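Hi everyone, thanks for coming. I'd like to walk you through a model, starting with one chain and then moving on to how the chains meet. Here it is.

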Amino acid sequence: MDKKTPLYETHTDLNATMVPFAGYLMPVQYPQGILFEHRSVREKAGLFDVSHMGELHLIGKDALRNLNTLISNDFTDLALGKIRYGVLVRKDGTAVDDLLVYHIDEDDYWIVVNASNTDKDFEYFTNNLSGGAVIHNESDDWGQVALQGPLSEKILRKLTDKIPEAYYSFIQEVDLSGISCLVSRTGYTGEDGFEIYCASDKVTHLWNLLLKVGEEDGLVPCGLGARDTLRLEAAMPLYGHELNDTTTPLEAGLKMFTKLEKENFIAQEALSQPVLKRRIGLTVIDRGIAREHCPILFNGEVVGEVSSGTMSPTLGKAIAMGYIKAELFNETEFTIDVRGRLLKAERTKMPFYKK
Amino acid sequence: MSKLIFERSVKNRRGITLPEFDCPEVVLDYETTRASSPRLAQVAEVDVVRHYMELSRFAFGVDNGFYPLGSCTMKYNPKLNETTASLEGFNSIHPTQDPSTVKGAMSLLSNLGASLCEITGMDGFTLQPSAGAHGEFTGLLLIHAYHSDRKDLKRTKVIVPDSAHGTNPASANMAGYSIINVPSNPLGGVDVEALKAVLNDEVAALMLTNPNTLGLFDPNIEEIAALVHKAGGLLYYDGANLNAIMGEVRPGDMGFDVVHLNLHKTFSTPHGGGGPGSGPVGVKKHLMPYLPKGTIIDEHFVENTKTIGRVRSYYGNFLVNVRAYTYILSLGSNGLKEASEMAVLNANYMMSQLKDQFTVAYPGPCMHEFVLSLQDLKDKTGISAKDICKGLLDYKVHPPTMYFPLIVHEALMIEPTETESKETMDEFIKILIDLKEKASTDPDYLKNAPYTTPIKRVDDVLAARHPVLKYEM
Amino acid sequence: MKRLYAKTHEWVIVEEGKDFVVGISDYAQIALGDIVFVNVPSLGDKVTQGESFGDVESVKAVSDLISPVSGKVVAVNDALLNAPELLNSDPLNTWIMKVSGSVNEAELLDEATYLALDKDH
Amino acid sequence: MASYLLNTNAQEAEMLKAIGIEKKDLFNSIPSKLKLKRPIDLPQGLTEMEVLAKMSALAQLNKVYSIILRGAGSEHHFIPSVVKQLSSREEFVSAYTPYQAEFSQGILQSIFEYQSDICELTGMDGANASVYDGATAAAEAIQMVLERTRKEILIADSVSPEVIETIMTYTSCSEASITILKTKGGILHEDVLKKHLSENTAALMIANPNYYGCLEKVDELSRFTHEAGAKLIVYANPLTLAYLKSPRACGADIAVGEAQALGLSMAFGGPYLGYMATTNELIRRLPGRIVGQTLDTEGKRAFVLTLQAREQHIRREKATSSLCSNQALCALTASVYVAAMGPVGLKEVAEHGLRRAHYFQKELEKIGFKLKYEVPFFNEFVTTSPLAAKAVERHLSKYDILSGLSIASHEILWCVTETTSKAQLDEVISYLKEVTQ
């Protein structure tokens with residue numbers, strides 16, 4: 001049985017098309033459609049229900065050491081009020097999940113994870129934490145909405161002056177019309193924007209509030225469909241596609257977020273080995289859209305497969321990400337097999353879109 | 001009369017049983033511990049219950065009968081208030097809990113403050129002061145902070161009318177002010193000419209009760225406010241009599257800068273035999289920067305760099321404030337106005353029935369209370385206001401306030417409140433008239449009243465000359 | 001020896017070569033009613049003519065005692081601590097303090113003038 | 001909407017007729033220009049059912065912890081059923097201040113018994129009928145000790161910050177000058193005191209046990225204070241006085257404090273119960289209501305409000321305090337609590353706190369929470385924390401436990417009472433191990 005976020009009724013009232021995703025019934029789109037929602041985010045602003053995301057709370061005198069042990073990034077110099085991205089990895093370097101780490105307070109971190117992985121991550125942390133550190137699962141307590149797009153700040157400013165200035169920073173206990181929120185300047189669309197957390201029983205109120213104050217600026221509700229096209233243009237990995245239990249962060253091209261020099265890193269040895277596959281971006285030249293699992297060919301030979309693909313609303317072209325054998329990383333011309341049709345595809349620098 | 005609890009004590013008798021000790025003994029230095037157990041009452045739970053049940057029979061609350069105690073607004077205390085104030089979510093929270101874990105309390109206090117702002121026409125309230133006098137002291141410190149902040153340091157005086165509650169001058173004294181008493185005009189209002197004579201740049205504030213302690217609305221209030229403000233002073237409103245005017249007129253609109261309210265009067269929280277009360281203080285915008293530390297507005301602790309500091313620990317008498325908020329929710333906009341209307345109607349009715357029998361300090365329509373002077377009666381019969389009050393006790397009604405305001409001789413101040421019926425008032429009127437007749441026909445009877453109470457009149461002088469303030473264990 | 005009065009109702013006995021003896025008038029004790037406590041100065045305290053040297057408390061009021069003389073307190077009537085009612089029963093023979101110092105007699109009234117004043121009250 | 005009005009329309013009409021006025025003219029004495037010409041901008045009244053639902057919802061937004069290890073001025077204690085039942089009797093709850101002695105012997109006697117309890121616990125000769133809370137009791141005590149030539153008050157910095165802040169506010173416009181004395185290792189040392197005592201010193205105020213839970217060397221401090229001709233004010237939790245030597249026996253002239261621990265719930269900070277007690281020497285300076293024993297005209301024992309001449313309603317601007325309403329019902333609650341517990345029960349409550357606090361402290365020490373002050377303590381104590389104090393608070397909160405108060409980034413002030421058993425303390429330790437070992 002799929003779970004519902006607190007906003008379920010709100011979505012159905014807005015006539016959203018609901019689909020199961022990561023164990024939740026989520027809106028894939030509202031009546032005006034994905035394209036409209038996508039453009040709204042690129043040009044004005046969109047609002048996403050992301051209450052299904054998981055929130056874990058890591059506390060302990062050894063909290064930091066454990067973060068550095070289990071997550072690809074180095075959190076030693078993560079200041080209070082700042083956020084850092086990383087990949088939770090096993091000893092063999094494979095990704096348990098990708099996540100955001102919030103430095104809430106001394107010895108106290110908050111970790112936001114993918115909905116589908118919340119239980120897995122929680123269990124992984126619980127089994128692998130050492131010394132004085134404990135993880136609490138707070139996912140049911142929190143609701144979250146993402147306010148994304150160039151007008152996001154303008155809209156949020158109507159409700160508060162407490163706006164995190166820097167990208168990847170946050171402010172706690174921001175009062176939005178009586179709702180106490182954690183406001184985080186992060187997003188999954190490639191645009192400026194905010195992810196706003198509040199108590200799960202307040203998220204409906206927050207959603208309606210934001211839609212109301214943002215209406216005059218063109219703020220519209222957006223579903224998972226637009227979220228996918230937006231993050232694809234920004235070439236952001238989605239767990240289950242670009243990352244999974246057999247992929248390492250280095251294969252996924254997340255070298256920037258993988259620090260091998262730090263002490264006690266669980267996957268230090270594994271990730272020091274040469275990689276066998278690499279993530280690349282492709283633009284489909286022939287007419288057609290490459291989808292997940294479509295084989296990627298080089299010189300007629302299958303050398304990998306597509307992890308995500310779509311028609312980019314912004315670029316007007318079909319784009320895709322996929323994995324190929326590492327030794328072909330510098331090649332530029334590939335072919336994609338879309339249900340028997342061979343489409344020409346060109347290696348493209350990621351991200352496909354940059355604001 | 002009852003035995004004292006100590007006289008019920010039997011050696012080695014026990015009340016509540018506690019769990020066995022489960023942790024090792026701790027030996028503290030001999031010097032720091034008690035040589036012997038305190039000699040407190042050793043009684044069983046049943047003893048305690050019977051003792052207090054007996055004491056309760058010798059107490060008289062508004063739940064027992066009519067209580068027309070002027071200036072005290074002894075209205076009915078709705079039982080719902082007690083139910084809400086006993087909710088666990090209000091009782092079992094520690095005052096230093098993280099604000100995110102006490103959102104209900106923060107929200108309640110913010111809403112109560114906002115409601116009081118609307119009822120009084122002020123801009124911000126602190127709920128920290130725990131009684132009317134505490135509110136006065138707080139308000140005067142706010143006034144002091146305001147003048148000091150403006151470097152207006154000459155203002156060392158506060159004007160108080162001679163009809164004011166005694167707490168007014170006492171609170172002003174505590175706040176370091178010297179007091180200028182101004183006489184009242186025959187209506188108990190401010191004598192405007194006398195006020196003009198004392199107003200100057202040394203005056204920090206004028207403290208007023210309006211309606212005043214004679215139960216009359218001061219029609220010159222606008223002129224008074226203008227005069228005080230023109231002289232650079234501020235206006236302080238003693239909210240003891242707010243029950244007369246809810247929904248009719250607001251202190252903020254009359255020109256007052258600071259008000260205190262008595263939630264245990266106007267907002268129906270019980271008096272508890274003397275407390276706890278709650279004396280929130282409301283201010284206009286220009287005084288908000290000085291509000292006490294621990295004030296909650298819009299669900300946040302206000303952070304004032306110019307604060308006067310805290311006037312007690314934490315945030316005030318929280319559970320009293322819970323009761324008051326319950327009352328405001330129950331009555332709402334219309335109910336509060338109706339309460340004031342009925343309070344004024346009841347008082348005028350009682351006055352209309354008594355004015356031919358007694359001397360009314362000021363004839364004509366009153367607000368929520370009125371004052372009788374029994375000087376004539378005393379001159380004719382030798383029976384004082386006190387004798388009449390003692391006579392009332394035998395009829396199981398609480399006497400009115402006596403000997404206040406000080407400007408009326410042999411004063412009886414009557415405030416029926418809105419929660420009394422015509423029948424109850426008629427009965428009281430009849431008793432009062434009967435007692436007046438008795439004063440002529442049988443004065444000695446009244447001089448020795450009461451007769452039906454557990455004790456007779458008490459020797460105040462003995463108590464004060466040779467104070468016995470505790471039981472000799 | 002002569003007894004002089006202050007307008008504030010204290011009396012003082014002025015006798016050449018002796019300490020001043022201070023008390024309160026009959027009018028004062030009647031006005032106060034039952035006196036329950038007298039707050040007396042301590043030995044060695046300095047008092048100033050026209051200024052408060054203590055207070056007297058009845059059931060209904062506390063009144064300041066104003067010194068009719070200036071100087072140092074050389075004796076206080078301890079009996080008043082336990083029997084303040086002496087001031088009610090015999091005010092003219094119940095002294096409160098004795099002072100060594102000086103007096104400005106121009107500020108005080110003689111007995112006849114004070115008692116005449118008393119009648120006007 | 002709820003209404004507590006009784007008069008029917010017909011009665012209202014009768015009354016108006018008797019007065020000879022129309023209803024619309026009742027408020028004619030208010031200048032029309034000033035009148036509020038719109039309804040009060042508040043919601044319409046609600047029914048009892050609706051109000052209760054609303055208030056219950058608000059109450060539920062507050063987190064009630066099952067284990068509370070925090071005190072710092074507000075303690076969680078067991079309150080026997082008999083206490084709540086008796087103190088909510090309507091005759092007590094809905095009575096006014098007992099001005100009419102013949103009609104109020106029940107209230108007066110309950111206050112007299114409360115005063116007697118407080119005197120017995122503090123060793124003093126007289127107590128008042130209560131003030132708002134411990135902090136205001138301390139502030140009022142300052143007024144009592146000021147002399148013409150002695151206006152300086154010394155206060156140890158180990159007195160609760162809420163109390164010190166309140167005193168600072170109360171004295172901000174008075175002639176008293178306050179000097180805060182630095183403590184070392186959790187308590188005030190005699191050399192610091194001696195340096196500050198002078199002929200201008202009116203009093204020293206200390207708390208015992210102090211804010212950090214430590215026991216001050218009261219006898220010693222008392223000796224030096226009195227040698228300098230100053231008074232000693234001791235701020236004490238009356239519950240601990242069932243076990244500890246009374247302030248009077250240690251030399252205090254005035255005992256004040258917060259008596260919330262005697263049967264009152266934490267209630268987000270109030271209503272609480274400030275008590276004030278003193279010796280015969282200072283009794284007439286005690287502010288507020290006081291009940292005394294006397295006789296009625298037939299020679300029967302009776303109780304009455306006494307020493308009223310000092311009070312604001314008589315002395316007006318000459319009164320040193322404007323105290324009027326107090327916390328009478330809280331005082332009654334405390335005396336029911338004391339009676340129900342009895343001297344043995346009270347001592348056991350105190351001793352449970354003492355024993356369990358020491359046990360807990362030793363267990364904490366083993367997992368890296370080091371005792372900050374190496375002096376005797378009662379049921380509160382400060383430890384350092386191997387991780388941020390706020391992080392400890394958030395962690396324990398997950399298990400429905402309110403941790404000690406974080407008083408510095410890595411310092412926690414713990415409080416243990418009879419409400420937390422050894423088994424529960426062990427449980428807390430096991431949770432703390434998660435974040436420390």
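Let's begin with burial: of the 355 residues in chain A, 50% count as buried, meaning that 20 or more other C-beta atoms, placed from the backbone, lie within 10 Å of the residue's own. Please keep in mind that this is a predicted model, where local features need pLDDT of at least 70, side-chain atom pairs count only at pLDDT 80 or more, and totals for chains, interfaces and linings use all residues. Residues are numbered from 1 along each chain as its sequence is written, with chains lettered from A and ligands numbered from 1 in the order in which they are written.

Chain A has eight helices and 20 strands; these are DSSP runs numbered from the N terminus, H or I of at least four residues for helices and E of at least two for strands. Its radius of gyration is 20 Å, close to the 20 Å from the globule rule for 355 residues, so chain A is as compact as a globular protein of that length. That radius is taken over C-alpha atoms, and the rule is 2.2 Å times the number of residues to the power 0.38.

Now, the chains together. In chain D, 168 residues are in contact with 175 residues of chain B, contact being C-beta atoms, placed from the backbone, within 7 Å. Which element gives the largest share of chain D's side? That is helix H11(D), residues 328-366, with 23 residues. The chain D side divides into 84 nonpolar, 50 polar and 34 charged residues. Here Ala, Val, Leu, Ile, Met, Phe, Trp, Tyr, Cys and Pro are nonpolar, Asp, Glu, Lys and Arg are charged, and the others, Gly among them, are polar.

H11(D) also meets helix H1(B), residues 45-57: the axes come within 8 Å and cross at roughly 150°. Axes are lines fitted to C-alpha atoms, for helices over the stretch in contact, with angles from 0 to 180 degrees between N-to-C directions. H1(B) and H11(D) are therefore roughly antiparallel, the word for angles over 145 degrees. The contact involves B:Glu45, B:Val48 and B:Tyr52 with D:Val336, D:Ala339 and D:Ala340.

Within chain D, the axes of H11(D) and H13(D), residues 422-434, come within 10 Å and cross at roughly 25°. That makes the pair roughly parallel, as angles under 35 degrees are called. D:Arg356, D:Tyr359, D:Phe360 and D:Glu363 meet D:Lys422, D:Leu425 and D:Ile429 there.

Conventions. A residue is buried if 20 or more other C-beta atoms lie within 10 Å of its own, exposed if 12 or fewer, and partly exposed in between; C-beta atoms are placed from the backbone. Two residues are in contact if their C-beta atoms, placed from the backbone, lie within 7 Å. Angles under 35 degrees count as roughly parallel, over 145 as roughly antiparallel, 65 to 115 as roughly perpendicular and the rest as oblique.
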